[in-house]
Amino acid sequence: MSAHRIAVIPGDGIGREVVPAAIACLERIAELHSLTLEFTPFDWGSDYYLQHGRMMPDDGLPQLALHDAIYLGAVGSPEVPDAETLWGLLIPIRREFQQYINLRPVKTLDGVAAPLASEHPIDLVIVRENNEGEYSEIGGRMYRGLPQEGAVQEAVFTRLGVSRAAHYAASLAASRRGRLTSATKSNGIVHTMPFWDEIVAETVSLYPDVTLTAEHVDALAAHLVLKPWTLDVIVASNLFGDILSDLAAAVTGSIGLAPSANLNPEGRYPSLFEPIHGSAPDIAGNGVANPVGQIWSGAMMLEHLGHTQAARHLQTAFEAVLRDGVRTRDIGGTASTAEFTEAVLSMIDA
Ligand code: GGG
(Lines give C-alpha, C1' and ligand atoms only; values in the text may rest on other atoms or scores of the structure.)
Protein backbone atom coordinates (compact mmCIF):
# COMPACT_ATOMS: atom_id res chain seq x y z
CA MET A 1 0.00 0.00 0.00
CA SER A 2 1.54 3.34 -1.00
CA ALA A 3 2.05 6.09 1.56
CA HIS A 4 -0.19 9.14 1.73
CA ARG A 5 1.56 12.42 2.38
CA ILE A 6 -0.62 14.66 4.50
CA ALA A 7 0.20 18.29 5.19
CA VAL A 8 -1.01 19.24 8.68
CA ILE A 9 -1.78 22.86 9.57
CA PRO A 10 -3.11 23.04 13.15
CA GLY A 11 -3.38 26.84 12.75
CA ASP A 12 -4.74 28.85 15.65
CA GLY A 13 -6.55 28.53 18.96
CA ILE A 14 -8.29 25.21 19.51
CA GLY A 15 -6.97 24.01 16.15
CA ARG A 16 -3.77 23.24 18.04
CA GLU A 17 -5.66 21.10 20.53
CA VAL A 18 -8.05 19.19 18.30
CA VAL A 19 -5.57 18.45 15.50
CA PRO A 20 -3.12 16.45 17.67
CA ALA A 21 -6.10 14.65 19.23
CA ALA A 22 -7.45 13.67 15.82
CA ILE A 23 -4.01 12.70 14.51
CA ALA A 24 -3.60 10.28 17.42
CA CYS A 25 -6.86 8.63 16.28
CA LEU A 26 -5.79 8.60 12.61
CA GLU A 27 -2.44 7.06 13.51
CA ARG A 28 -4.14 4.28 15.48
CA ILE A 29 -6.53 3.62 12.58
CA ALA A 30 -3.62 3.62 10.11
CA GLU A 31 -1.78 1.05 12.20
CA LEU A 32 -4.81 -1.25 12.41
CA HIS A 33 -5.60 -0.98 8.68
CA SER A 34 -1.97 -1.19 7.50
CA LEU A 35 -2.04 2.29 5.98
CA THR A 36 0.95 4.56 5.78
CA LEU A 37 -0.03 8.12 6.59
CA GLU A 38 2.93 10.51 6.61
CA PHE A 39 1.97 13.66 8.48
CA THR A 40 4.08 16.76 7.84
CA PRO A 41 3.33 19.63 10.23
CA PHE A 42 3.36 23.28 9.10
CA ASP A 43 3.38 25.95 11.79
CA TRP A 44 1.48 28.46 9.66
CA GLY A 45 -1.25 30.68 11.01
CA SER A 46 -1.58 33.75 13.19
CA ASP A 47 1.62 33.28 15.24
CA TYR A 48 3.52 32.86 11.98
CA TYR A 49 1.83 36.08 10.79
CA LEU A 50 2.91 37.97 13.90
CA GLN A 51 6.52 36.89 13.29
CA HIS A 52 6.70 37.11 9.50
CA GLY A 53 3.88 39.44 8.41
CA ARG A 54 2.10 36.70 6.45
CA MET A 55 0.09 33.60 7.30
CA MET A 56 2.32 31.22 5.35
CA PRO A 57 5.62 31.55 3.47
CA ASP A 58 5.76 32.67 -0.17
CA ASP A 59 6.32 29.10 -1.30
CA GLY A 60 3.54 27.75 0.94
CA LEU A 61 1.27 26.66 -1.90
CA PRO A 62 4.02 24.81 -3.84
CA GLN A 63 4.96 23.05 -0.59
CA LEU A 64 1.37 21.94 -0.07
CA ALA A 65 1.12 20.80 -3.69
CA LEU A 66 3.56 17.99 -2.84
CA HIS A 67 0.96 16.36 -0.59
CA ASP A 68 -2.02 14.07 -1.18
CA ALA A 69 -4.26 15.92 1.28
CA ILE A 70 -4.22 18.86 3.67
CA TYR A 71 -5.53 18.57 7.23
CA LEU A 72 -6.35 21.92 8.79
CA GLY A 73 -7.47 22.87 12.29
CA ALA A 74 -8.70 26.44 12.48
CA VAL A 75 -7.60 29.94 11.65
CA GLY A 76 -8.46 33.20 13.37
CA SER A 77 -6.93 35.23 16.18
CA PRO A 78 -7.91 38.40 18.04
CA GLU A 79 -4.37 39.69 17.31
CA VAL A 80 -4.59 39.43 13.52
CA PRO A 81 -7.07 41.21 11.25
CA ASP A 82 -9.81 38.72 10.37
CA ALA A 83 -9.43 39.02 6.63
CA GLU A 84 -5.68 38.27 6.84
CA THR A 85 -6.33 34.91 8.46
CA LEU A 86 -8.67 33.75 5.70
CA TRP A 87 -7.18 35.54 2.69
CA GLY A 88 -3.61 34.76 3.75
CA LEU A 89 -4.10 31.01 4.08
CA LEU A 90 -7.44 29.27 3.66
CA ILE A 91 -8.80 31.04 0.60
CA PRO A 92 -5.55 30.88 -1.43
CA ILE A 93 -5.43 27.12 -0.70
CA ARG A 94 -9.07 26.62 -1.75
CA ARG A 95 -8.48 28.55 -4.96
CA GLU A 96 -5.02 27.33 -5.94
CA PHE A 97 -6.08 23.72 -5.58
CA GLN A 98 -9.47 24.19 -7.26
CA GLN A 99 -11.28 23.00 -4.15
CA TYR A 100 -14.52 24.30 -5.54
CA ILE A 101 -16.79 22.05 -3.46
CA ASN A 102 -17.07 22.43 0.29
CA LEU A 103 -18.94 19.39 1.52
CA ARG A 104 -20.50 19.80 4.95
CA PRO A 105 -22.46 16.81 6.26
CA VAL A 106 -24.68 17.42 9.26
CA LYS A 107 -26.47 14.73 11.22
CA THR A 108 -27.82 14.02 14.65
CA LEU A 109 -25.58 11.76 16.69
CA ASP A 110 -26.86 9.37 19.36
CA GLY A 111 -25.91 10.65 22.77
CA VAL A 112 -25.91 14.29 21.71
CA ALA A 113 -29.00 16.27 22.69
CA ALA A 114 -30.43 18.26 19.81
CA PRO A 115 -33.42 19.98 21.41
CA LEU A 116 -34.53 21.70 18.20
CA ALA A 117 -34.44 18.44 16.31
CA SER A 118 -35.77 15.99 18.82
CA GLU A 119 -38.69 14.78 16.67
CA HIS A 120 -36.75 13.04 13.89
CA PRO A 121 -33.10 12.42 13.08
CA ILE A 122 -31.35 14.93 10.84
CA ASP A 123 -29.21 13.69 7.99
CA LEU A 124 -28.36 16.33 5.43
CA VAL A 125 -25.40 17.56 3.43
CA ILE A 126 -24.62 21.13 2.52
CA VAL A 127 -22.75 21.55 -0.76
CA ARG A 128 -21.17 24.97 -0.58
CA GLU A 129 -19.70 26.62 -3.67
CA ASN A 130 -16.18 27.27 -2.44
CA ASN A 131 -14.22 29.37 -4.92
CA GLU A 132 -16.28 32.42 -5.80
CA GLY A 133 -19.58 34.16 -4.93
CA GLU A 134 -19.58 36.60 -2.07
CA TYR A 135 -16.00 35.68 -1.10
CA SER A 136 -14.45 38.11 -3.55
CA GLU A 137 -11.54 40.50 -3.32
CA ILE A 138 -13.24 42.93 -5.68
CA GLY A 139 -14.28 46.17 -4.07
CA GLY A 140 -12.74 48.89 -1.98
CA ARG A 141 -13.05 51.61 0.58
CA MET A 142 -13.35 55.26 -0.24
CA TYR A 143 -13.18 58.58 1.58
CA ARG A 144 -11.70 56.89 4.64
CA GLY A 145 -12.43 58.78 7.84
CA LEU A 146 -14.72 61.29 6.17
CA PRO A 147 -18.48 61.52 6.71
CA GLN A 148 -19.05 60.26 3.18
CA GLU A 149 -16.84 57.19 3.75
CA GLY A 150 -18.11 54.08 2.01
CA ALA A 151 -17.26 50.56 0.97
CA VAL A 152 -18.09 48.47 -2.10
CA GLN A 153 -17.95 44.66 -2.14
CA GLU A 154 -18.68 42.76 -5.33
CA ALA A 155 -19.87 39.17 -5.53
CA VAL A 156 -18.75 37.09 -8.51
CA PHE A 157 -20.79 34.19 -9.87
CA THR A 158 -19.75 32.38 -13.04
CA ARG A 159 -21.58 29.80 -15.14
CA LEU A 160 -18.69 27.39 -14.57
CA GLY A 161 -18.64 27.92 -10.80
CA VAL A 162 -22.39 27.62 -10.25
CA SER A 163 -22.95 24.72 -12.65
CA ARG A 164 -20.18 22.56 -11.20
CA ALA A 165 -21.52 23.08 -7.68
CA ALA A 166 -25.03 22.26 -8.92
CA HIS A 167 -23.81 19.14 -10.75
CA TYR A 168 -22.00 17.91 -7.67
CA ALA A 169 -25.02 18.56 -5.44
CA ALA A 170 -27.51 16.98 -7.88
CA SER A 171 -25.40 13.89 -8.29
CA LEU A 172 -25.05 13.61 -4.51
CA ALA A 173 -28.83 14.05 -4.07
CA ALA A 174 -29.43 11.34 -6.70
CA SER A 175 -27.35 8.95 -4.58
CA ARG A 176 -29.36 9.87 -1.44
CA ARG A 177 -33.06 10.73 -1.05
CA GLY A 178 -33.28 12.71 -4.29
CA ARG A 179 -34.20 16.05 -2.74
CA LEU A 180 -32.13 19.10 -3.51
CA THR A 181 -32.78 22.51 -1.97
CA SER A 182 -31.07 25.53 -3.46
CA ALA A 183 -30.45 28.54 -1.21
CA THR A 184 -31.37 31.70 -3.07
CA LYS A 185 -32.28 35.31 -2.34
CA SER A 186 -33.47 36.35 -5.76
CA ASN A 187 -36.09 38.70 -4.35
CA GLY A 188 -33.46 40.99 -2.83
CA ILE A 189 -30.28 40.28 -4.79
CA VAL A 190 -31.36 41.01 -8.31
CA HIS A 191 -28.42 40.04 -10.52
CA THR A 192 -26.39 37.22 -9.05
CA MET A 193 -29.18 35.24 -7.39
CA PRO A 194 -31.50 34.98 -10.44
CA PHE A 195 -28.36 33.92 -12.36
CA TRP A 196 -27.64 31.30 -9.68
CA ASP A 197 -31.28 30.08 -9.83
CA GLU A 198 -31.26 29.76 -13.64
CA ILE A 199 -28.05 27.76 -13.75
CA VAL A 200 -29.00 25.51 -10.83
CA ALA A 201 -32.40 24.75 -12.43
CA GLU A 202 -30.83 24.14 -15.85
CA THR A 203 -28.21 21.79 -14.36
CA VAL A 204 -30.56 19.88 -12.09
CA SER A 205 -32.98 19.28 -15.00
CA LEU A 206 -30.36 16.81 -16.26
CA TYR A 207 -31.01 14.66 -13.17
CA PRO A 208 -34.51 13.16 -13.58
CA ASP A 209 -34.43 11.51 -10.14
CA VAL A 210 -33.76 14.76 -8.30
CA THR A 211 -36.48 17.17 -7.17
CA LEU A 212 -35.24 20.73 -6.89
CA THR A 213 -36.74 23.36 -4.58
CA ALA A 214 -35.38 26.89 -4.42
CA GLU A 215 -35.80 28.52 -1.01
CA HIS A 216 -34.90 32.02 0.05
CA VAL A 217 -32.00 31.74 2.43
CA ASP A 218 -33.86 33.43 5.28
CA ALA A 219 -36.77 30.99 4.99
CA LEU A 220 -34.29 28.13 4.62
CA ALA A 221 -32.58 29.19 7.86
CA ALA A 222 -35.95 28.95 9.61
CA HIS A 223 -36.62 25.62 7.87
CA LEU A 224 -33.30 24.31 9.21
CA VAL A 225 -34.38 25.18 12.73
CA LEU A 226 -38.02 24.08 12.49
CA LYS A 227 -37.98 20.96 10.30
CA PRO A 228 -34.37 20.08 9.49
CA TRP A 229 -35.19 16.37 9.03
CA THR A 230 -37.09 17.19 5.81
CA LEU A 231 -33.88 18.42 4.14
CA ASP A 232 -31.56 16.13 2.18
CA VAL A 233 -28.96 18.04 0.12
CA ILE A 234 -28.64 21.82 0.13
CA VAL A 235 -26.65 23.66 -2.52
CA ALA A 236 -25.59 27.15 -1.56
CA SER A 237 -23.25 29.95 -2.50
CA ASN A 238 -20.01 30.50 -0.60
CA LEU A 239 -21.41 32.81 2.07
CA PHE A 240 -24.86 31.27 2.38
CA GLY A 241 -23.31 27.80 2.65
CA ASP A 242 -20.96 28.93 5.39
CA ILE A 243 -23.75 30.47 7.44
CA LEU A 244 -26.26 27.65 6.92
CA SER A 245 -23.76 24.98 7.89
CA ASP A 246 -22.93 26.63 11.23
CA LEU A 247 -26.65 26.92 11.88
CA ALA A 248 -27.35 23.31 10.89
CA ALA A 249 -24.48 22.02 13.04
CA ALA A 250 -25.72 24.04 16.02
CA VAL A 251 -29.17 22.50 15.56
CA THR A 252 -27.61 19.04 15.93
CA GLY A 253 -26.01 20.08 19.22
CA SER A 254 -22.81 22.05 18.59
CA ILE A 255 -20.73 23.54 15.82
CA GLY A 256 -17.86 21.58 17.37
CA LEU A 257 -19.32 18.42 15.85
CA ALA A 258 -19.38 19.21 12.15
CA PRO A 259 -16.68 18.31 9.63
CA SER A 260 -15.98 19.56 6.14
CA ALA A 261 -14.11 18.58 3.02
CA ASN A 262 -12.83 21.20 0.60
CA LEU A 263 -12.72 19.05 -2.48
CA ASN A 264 -11.03 19.17 -5.81
CA PRO A 265 -13.39 16.51 -7.17
CA GLU A 266 -11.14 15.68 -10.13
CA GLY A 267 -8.33 14.70 -7.75
CA ARG A 268 -5.85 16.77 -9.70
CA TYR A 269 -4.86 18.75 -6.62
CA PRO A 270 -4.87 17.96 -2.89
CA SER A 271 -8.18 18.42 -1.10
CA LEU A 272 -8.38 19.99 2.36
CA PHE A 273 -10.22 18.64 5.40
CA GLU A 274 -11.17 20.84 8.36
CA PRO A 275 -13.91 21.12 10.96
CA ILE A 276 -16.38 23.91 10.26
CA HIS A 277 -15.70 25.60 13.58
CA GLY A 278 -13.16 28.36 14.01
CA SER A 279 -10.29 28.84 16.45
CA ALA A 280 -12.56 29.63 19.46
CA PRO A 281 -10.10 31.93 21.28
CA ASP A 282 -12.51 32.10 24.23
CA ILE A 283 -11.80 28.47 25.18
CA ALA A 284 -8.39 27.94 23.54
CA GLY A 285 -5.72 26.65 25.91
CA ASN A 286 -8.20 25.13 28.37
CA GLY A 287 -8.15 21.61 26.93
CA VAL A 288 -11.93 21.47 26.65
CA ALA A 289 -12.50 21.78 22.90
CA ASN A 290 -14.66 19.18 21.19
CA PRO A 291 -12.45 17.18 18.80
CA VAL A 292 -15.37 15.48 16.99
CA GLY A 293 -15.46 17.88 14.01
CA GLN A 294 -11.72 17.39 13.52
CA ILE A 295 -11.87 13.59 13.92
CA TRP A 296 -14.87 13.33 11.57
CA SER A 297 -12.98 15.49 9.03
CA GLY A 298 -10.20 12.91 9.34
CA ALA A 299 -12.69 10.16 8.49
CA MET A 300 -13.74 12.15 5.41
CA MET A 301 -10.07 12.43 4.45
CA LEU A 302 -9.59 8.66 4.74
CA GLU A 303 -12.67 8.10 2.58
CA HIS A 304 -11.36 10.57 0.01
CA LEU A 305 -8.02 8.77 -0.05
CA GLY A 306 -9.87 5.55 -0.87
CA HIS A 307 -9.90 3.89 2.56
CA THR A 308 -13.60 3.39 3.14
CA GLN A 309 -13.24 0.70 5.80
CA ALA A 310 -10.74 2.70 7.80
CA ALA A 311 -12.99 5.75 7.54
CA ARG A 312 -15.99 3.74 8.80
CA HIS A 313 -13.93 2.33 11.66
CA LEU A 314 -13.00 5.84 12.81
CA GLN A 315 -16.55 7.12 12.35
CA THR A 316 -18.16 4.27 14.28
CA ALA A 317 -15.59 4.66 17.07
CA PHE A 318 -16.30 8.32 17.83
CA GLU A 319 -20.05 7.81 17.36
CA ALA A 320 -19.96 4.92 19.87
CA VAL A 321 -18.08 7.08 22.39
CA LEU A 322 -20.78 9.75 22.14
CA ARG A 323 -23.48 7.09 22.43
CA ASP A 324 -21.77 5.85 25.62
CA GLY A 325 -22.22 9.31 27.11
CA VAL A 326 -18.67 10.65 26.92
CA ARG A 327 -19.20 14.30 26.02
CA THR A 328 -17.23 17.52 26.00
CA ARG A 329 -18.56 20.68 27.62
CA ASP A 330 -20.16 22.18 24.50
CA ILE A 331 -22.59 19.25 24.35
CA GLY A 332 -23.37 19.12 28.03
CA GLY A 333 -20.60 16.84 29.29
CA THR A 334 -17.51 17.22 31.40
CA ALA A 335 -14.89 15.34 29.36
CA SER A 336 -11.75 17.20 28.38
CA THR A 337 -10.37 16.98 24.83
CA ALA A 338 -7.79 14.47 26.10
CA GLU A 339 -10.38 12.32 27.90
CA PHE A 340 -12.66 12.22 24.87
CA THR A 341 -9.72 11.31 22.64
CA GLU A 342 -8.62 8.53 25.00
CA ALA A 343 -12.14 7.13 24.87
CA VAL A 344 -12.06 7.16 21.05
CA LEU A 345 -8.66 5.42 21.02
CA SER A 346 -9.99 2.69 23.33
CA MET A 347 -13.09 2.31 21.15
CA ILE A 348 -10.94 2.00 18.03
CA ASP A 349 -9.10 -0.89 19.71
CA ALA A 350 -12.28 -2.52 21.02
N1 GGG B 1 -11.84 25.27 10.67
C2 GGG B 1 -11.69 26.23 9.72
C3 GGG B 1 -11.76 27.63 10.22
O4 GGG B 1 -10.89 28.12 10.88
N5 GGG B 1 -12.85 28.29 9.92
C6 GGG B 1 -13.02 29.65 10.25
C7 GGG B 1 -13.74 30.42 9.24
O8 GGG B 1 -14.16 31.53 9.50
N9 GGG B 1 -13.92 29.88 8.06
C10 GGG B 1 -14.58 30.57 7.05
C11 GGG B 1 -14.81 29.74 5.86
O12 GGG B 1 -14.83 28.52 5.94
O13 GGG B 1 -14.99 30.31 4.80
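Predicted model: local features only at pLDDT ≥ 70, side-chain atom pairs only at ≥ 80, totals over all residues.
Reader: Start with H9 and H10. How close do their axes come, and at what angle do they cross?

Author: The axes of helix H9 (residues 292-304) and helix H10 (residues 308-323) come within 7 Å, and the crossing angle is roughly 165 degrees.

Reader: What does that make them, parallel or antiparallel?

Author: H9 and H10 are roughly antiparallel to each other, because angles over 145 degrees count as such.

Reader: And is the crossing left-handed or right-handed?

Author: H9 passes H10 in a left-handed crossing.

Reader: Which residues in H9 and H10 meet?

Author: From H9 there are Val292, Ile295, Trp296, Gly298, Ala299, Leu302 and Glu303. They meet Thr308, Ala310, Ala311, Leu314, Gln315 and Phe318 in H10. By class, that contact has nine nonpolar, three polar and one charged residues.

Reader: Now H5 and H6. How do their axes cross?

Author: Helix H5 (residues 159-174) and helix H6 (residues 192-204) have axes that come within 9 Å and cross at roughly 45 degrees. H5 and H6 are therefore oblique to each other. Their crossing is right-handed.

Reader: Which residues make the contact?

Author: H5 contributes Arg159, Val162, Ser163, Ala166, His167 and Ala170. H6 contributes Trp196, Ile199, Val200, Thr203 and Val204. The contact of H5 with H6 divides into seven nonpolar, three polar and one charged.

Reader: Last one, alanine 151. Where is alanine 151 found?

Author: Alanine 151 is in strand E7, which covers residues 150-153.

Reader: Is alanine 151 buried or exposed?

Author: Alanine 151 is exposed, because 10 other C-beta atoms lie within 10 Å and a residue with 12 or fewer counts as exposed.

Reader: What does alanine 151 touch, leaving out residues up to four places away in sequence?

Author: On that basis, alanine 151 touches Gly139 and Arg141.

Reader: And leucine 180? How far apart are alanine 151 and leucine 180 in space?

Author: They are 35 Å apart, C-alpha to C-alpha. In sequence, alanine 151 and leucine 180 are 29 residues apart.

Methods: Residues numbered from 1 in each chain as written. Axes fitted to C-alpha atoms, helices over the stretch in contact; angles between N-to-C directions. Helix = DSSP H or I, 4+ residues; strand = E, 2+ residues; numbered from the N terminus. Parallel < 35°, antiparallel > 145°, perpendicular 65-115°, else oblique. Left-handed = near helix turned anticlockwise from the far one by under 90°. Contact = placed C-beta atoms within 7 Å. Nonpolar A, V, L, I, M, F, W, Y, C, P; charged D, E, K, R; others polar. Buried ≥ 20, exposed ≤ 12 C-beta atoms within 10 Å, placed from the backbone.
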